[in-house]
Amino acid sequence: MRMEMGMYWILTKANCPHCDRAKDMLAKRGLVYQAFSYDTHPMLGKLMLAAGMRTVPQIWHDKEHIGGADDLETYLTKSG
Ligand SMILES: N[C@@H](CCC(=O)N[C@@H](CS)C(=O)NCC(=O)O)C(=O)O
């Protein structure tokens with residue numbers, strides 16, 4: 001794992017193929033992530049909806065909001 005690449009945060013829910021895809025993309029690159037499921041943290045789902053986010057995953061890199069799995073793919077491609 002490459003800690004120097006910073007921490008990725010993923011908001012997920014159960015049975016979410018796009019969430020699994022996002023985690024796979026990070027894991028394959030050896031990037032460190034922490035996932036939170038709104039099944040176990042219901043308030044996260046409420047906050048997400050209040051912030052206008054309608055789908056999971058929602059991904060952050062350190063303090064930067066990246067977006068969903070497609071956005072993560074673009075982000076990782078750009079950052080090499
Ligand atoms: N293009 C989005 C697709 C995300 C998506 O459709 N996620 C599904 C779950 S896998 C979702 O949140 N659907 C709406 C819902 O469950 O309320 C991405 O790449 O993240």
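**Exercise 1. Sort the residues of the shell around the ligand into nonpolar, polar and charged.**

Solution. Start with the list: the ligand is surrounded by C16, P17, H18, T55, V56, P57, G68, A69 and D70. A residue is near a molecule if its C-beta atom, placed from the backbone, lies within 6 Å of it. Next, apply the classes: Ala, Val, Leu, Ile, Met, Phe, Trp, Tyr, Cys and Pro count as nonpolar, Asp, Glu, Lys and Arg as charged, and the others, Gly among them, as polar. The shell then divides into five nonpolar residues, three polar and one charged. Finally, assign elements: α1 (17-28) and α3 (69-78) each supply at least two residues of this shell.

The model is predicted: local features need pLDDT of at least 70, side-chain atom pairs count only at pLDDT 80 or more, and totals for chains, interfaces and linings use all residues. Residues are numbered from 1 along each chain as its sequence is written.

**Exercise 2. State how many helices and strands the protein chain has, and in which pattern they follow.**

Solution. Helices (H or I, at least four residues) and strands (E, at least two) are DSSP runs, numbered from the N terminus. The protein chain holds three helices and four strands. Along the sequence they follow the pattern β-α-β-α-β-β-α. The radius of gyration is 12 Å, close to the 12 Å that the globule rule gives for 80 residues, so the protein chain is as compact as a globular protein of that length. That radius is taken over C-alpha atoms, and the rule is 2.2 Å times the number of residues to the power 0.38.

**Exercise 3. Work out the strand order of the sheet and the bridges within it.**

Solution. Two strands pair if DSSP finds at least two bridges between them. The four strands form an open sheet in the order β2-β1-β3-β4, with mixed pairing. At the edges are β2 (32-37) and β4, each pairing on one side only. From one strand to the next the twist averages 25°.

Now take the bridges:
- β1 (residues 7-12) and β3 run antiparallel and are joined by four bridges; Y8 has H61 of β3 as its bridge partner.
- β3 (residues 58-61) and β4 (residues 64-67) are antiparallel too, with three bridges; W60 has H65 of β4 as its bridge partner.
- β3 and β4 form a hairpin with two residues between them, and D62 in the turn has a positive phi of about 50°.

**Exercise 4. Decide whether helix α2 is buried or in the open.**

Solution. A residue is buried if 20 or more other C-beta atoms, placed from the backbone, lie within 10 Å of its own, exposed if 12 or fewer, and partly exposed in between. Of the nine residues of α2 (residues 42-50), the number buried is zero, so this helix lies largely in the open. Over the protein chain, buried residues make up 18% of the 80 residues. After α2 comes G52, whose phi is positive, near 85°.

Technical notes:
Axes fitted to C-alpha atoms, helices over the stretch in contact; angles between N-to-C directions.
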